[in-house]
Amino acid sequence: MLIECKDLLCEYKKNPLGMDDLYPRFSWRIESSLQNVKQSAYEINVDGMWQSGIVKSGENIHIQYGGKPLLPFTRYDYSIRIWDCDGNESEWSRAFFETGIQIPENFNADWITTSEGNTQVCPVFRKTFKCELPVKSARIYATALGVYEIELNGKRVGDYWLTPGFTSYNENLQYQTYDVTDMLRRENTIEVTLAKGWCRGRLGWRGGVNVFDALPGILLMLRIEMPDGKIQLVPSDTSWKYNESAFLKSEIYDGETYDARKKIEESMNFDFDDSTWQNAISLDYPKKHINSQINEPVKIMHEIKPVSIVKTPKGETVIDFGQNMVGWVAFKVCGKPGDRVCLSHAEILDKDGNFYTDNLRTAENKEEYILSGKGEEFYHPHFTFQGFRYVRIDEYPGEIKLDNFFGKVIYSSLKSTGSFECSNDDVNRLYQNILWGQRGNYVDIPTDCPQRDERLGWTGDAQVFIKTAAMNMNVALFFTKWLKDLAIDQKKLGGAVAGIVPGITKTRISAGWGDAATICPFEIYHAYADKRLLARQYDSMKQWVEYIKAQGDNPYHWEGGYHYGDWLGLDSPPGSNKGSTDDNYIADAYYAHSTSLVSRAAALLGHQRESAEYSHLNKGIVNRFKKTYLDKDGVPYQKTQTACALALFFNLTDNKKAVADALAEMIIKTGNHLTTGFIGTPYLLHALSDNGYEELAYTLFLRTEYPSWLFSVKQGATTIWEHWDGIRSDGTLWSETMNSFNHYAYGAVADWMYTKIAGINYSTDEPGYKKILIKPILTKHLSYVFASVDSMYGRIESGWKSEGDSVVFNVMIPPNTSVTLVYPDGTIDEFGSGKYIFTWNAGNTLG
């Protein structure tokens with residue numbers, strides 16, 4: 001075939017189960033051996049419910065279902081075919097989606113709990129039932145207050161972990177759907193083990209416990225459909241029994257204790273005598289806020305083998321996994337009943353080579369397993385996770401062998417979409433560190449760090465990193481789910497956005513953090529052309545701007561507030577964690593930026609009157625900003641790198657050259673190093689390279705001395721650090737109380753690597769990479785670069801290689817898109833899909 005319709009998706013997912021969306025959207029990719037392929041028409045058929053007919057359109061992403069109302073608990077097969085502009089027709093491509101509960105009333109089950117309440121030991125709930133075989137289909141719909149795991153006839157159900165995930169539980173609780181058709185027998189036993197998780201466990205550095213004020217509870221419905229259409233339900237209710245499980249303790253921060261002697265293997269037998277087990281108690285808890293899982297579930301994504309066993313100066317036995325990771329240690333062991341395996345986790349060894357855990361603060365990060373003594377035993381935790389590279393063996397029966405230990409890496413099962421490599425090995429390691437930072441901090445929500453007594457959804461970290469995140473992985477659904485909680489929590493705060501989402505403790509309402517409400521939805525729109533998400537978050541975006549506007553009498557100024565400022569800026573005054581850039585300056589800069597985004601969102605969504613209103617508000621904010629904070633030449637009175645970077649990146653000055661000159665002068669005077677913190681750093685290199693200082697941007701980026709991105713690489717880092725000098729050159733540490741070695745915020749530099757070094761950019765006019773701009777910035781410091789971004793339309797590649805006085809460009813563009821290639825001398829090529837090689841004579845112009 002000259003043209004094929006491939007990779008059919010329904011709401012970003014391949015053959016999804018349990019969808020509650022009444023108007024799902026379809027997307028597909030086009031594959032062709034031809035160049036310059038453009039779609040001219042499509043046709044969609046949905047299982048007798050909708051026939052679109054031949055629609056003359058070039059759109060192949062987010063095509064909304066337009067048929068009859070979808071029924072719950074129903075599988076719908078759909079098929080799509082397409083035509084290109086030359087009249088070539090594809091064959092039909094087929095896929096399916098399956099609806100879920102749709103409305104809470106269809107969840108025909110009861111919440112059940114225990115009589116003991118929130119005890120340390122995890123309860124296990126049990127139910128037996130019979131069914132006739134064969135069955136047409138069987139689905140389990142389940143959720144919990146805590147984190148749960150289901151076993152059916154002795155086998156674990158599904159490959160999801162830490163379900164139902166971390167949400168604003170009392171307003172938004174997700175259920176999961178599992179296909180158990182092939183697991184059923186005539187006589188069946190189902191068990192559900194329930195741990196505290198985020199919902200009921202210890203959460204936050206202030207020591208909060210059960211901050212959502214919940215009792216342990218599960219809600220489950222097994223729905224079995226027979227070949228003749230009859231339905232059998234097995235719901236959670238008071239006919240279930242419960243007992244203590246073998247999980248003696250499980251906490252997100254502190255780890256897990258499992259006593260294999262207490263595991264009752266026979267309880268999975270249908271005829272097991274559970275008369276000593278207690279009857280489940282009905283739990284009065286609503287179902288109205290339950291909905292199907294939006295985002296990708298947490299899964300085991302990689303397995304890492306340890307690299308060495310270390311004997312520390314203190315005599316500790318430590319296993320080095322060679323990579324700071326997030327997940328668990330799995331192990332094999334033999335021993336007597338009651339023997340123990342006790343493991344402690346850490347990110348680093350101290351300067352003397354000893355095991356170091358002070359930076360974990362109160363998080364214990366321990367794993368304890370008590371042997372049953374029944375031959376070789378295998379175990380890993382189930383309801384917790386740790387951030388670590390090093391594991392101390394506190395107890396282990398027998399000889400410690402590397403082959404008996406495995407690192408299980410867990411994170412949200414996001415599709416990898418980006419790649420980057422170049423001729424500099426340190427930069428390549430930096431890129432891998434950024435990836436590992438995203439993996440470790442994308443465990444169901446975007447966290448700040450994965451190891452200490454925090455691991456929370458800090459909004460500032462999320463917004464500065466989101467562009468990088470969306471190039472590294474497909475994060476559309478991940479942020480759709482998290483932004484839903486942001487909007488929910490925002491309503492409770494009168495339009496304000498807290499520093500943490502889901503909100504578990506009181507935080508500052510701060511510029512640069514709350515602006516996640518506007519920046520994140522707009523970036524998802526740019527990366528995936530997802531106008532529906534923009535529409536869903538539009539009220540939230542407005543509420544944030546209106547909250548700022550209402551803080552004082554002057555609508556063009558954010559009055560008051562207690563901001564985080566340029567957090568951890570290197571120009572911080574003594575005794576402060578905030579950089580020297582004035583809080584008011586940062587607040588008004590972000591106020592202007594967010595207002596601009598709301599105006600643009602309104603225009604895109606057809607709200608022209610509101611767009612004009614917010615555009616007028618933005619102009620007022622910007623005019624006041626210029627009068628208040630800039631001198632007669634348009635340069636910030638505040639001579640900080642962050643002040644200049646924000647003015648340039650947010651378009652707050654009429655004299656970008658003067659501001660860029662001032663920024664460059666400051667950098668050169670400091671010996672070519674940065675002084676920015678969380679707010680200024682993501683924009684610094686863009687501010688330079690967009691305004692005539694490309695080579696200075698490269699100088700900063702490639703610097704290996706402190707402070708720099710590559711300093712930590714030279715120090716042996718395998719993830720991004722919270723501080724530029726988390727570990728100093730002499731081995732001493734920044735601090736004990738706030739020194740994470742897996743903190744992705746400074747990894748936001750990867751979006752500069754993609755967009756400026758490799759030159760891959762989306763067009764804001766045709767988002768989702770429908771229109772692509774390839775505009776690399778060349779440098780004599782690199783001899784080759786290659787990067788790729790797997791967009792909704794397909795794979796984009798951009799690479800360049802110096803060959804004498806020439807530079808060879810390699811570009812690949814997916815079907816149904818177009819590209820503008822801008823050479824370093826400003827000349828332009830425009831073309832459609834295909835693979836291309838261009839040679840450009842650099843002469844003496846290479847930087």
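How many cavities of 30 Å³ or more does the count come to? The answer is 5. A cavity here is a set of points, on a 1 Å grid over the protein atoms alone, where a 1.4 Å probe fits but cannot get out. Volume means the space filled by probe spheres set on those points, which are joined across faces, edges and corners.

Before you click around: this is a predicted model, where local features need pLDDT of at least 70, side-chain atom pairs count only at pLDDT 80 or more, and totals for chains, interfaces and linings use all residues. Residues are numbered from 1 along each chain as its sequence is written, and side-chain values use heavy atoms, leaving out hydrogens and water.

**Stop one: the largest cavity**

Select S708, W709, S712, I720, W721, H723, W724 and Y746, which line the largest cavity (lining residues have an atom within 4 Å of a point). Its volume is about 70 Å³. The lining splits into 5 nonpolar, 3 polar and no charged residues. Nonpolar covers Ala, Val, Leu, Ile, Met, Phe, Trp, Tyr, Cys and Pro; charged covers Asp, Glu, Lys and Arg; the others, Gly among them, are polar.

Now try the second largest cavity, at about 40 Å³. Its lining includes G117, N118, K196 and R200, and divides into 6 nonpolar, 4 polar and 2 charged residues.

**Stop three: helix α4**

Finally, select residues 476–492, the 17 residues of α4. Helices are DSSP runs of H or I with at least four residues, numbered from the N terminus. In α4, 14 of the 17 residues are buried (under 20% relative accessible area, 1.4 Å probe, protein chains only). After α4 comes G494, with a positive phi near 65°.

Methods
Helix = DSSP H or I, 4+ residues; strand = E, 2+ residues; numbered from the N terminus. Expected span 1.5 Å × (residues − 1). Buried < 20%, exposed > 50% of the residue type's maximum accessible area, 1.4 Å probe, protein only. 1 Å grid on protein atoms, 1.4 Å probe; cavity = no way out; pocket = protein on both sides within 12 Å on 5 of 7 lines; lining within 4 Å.
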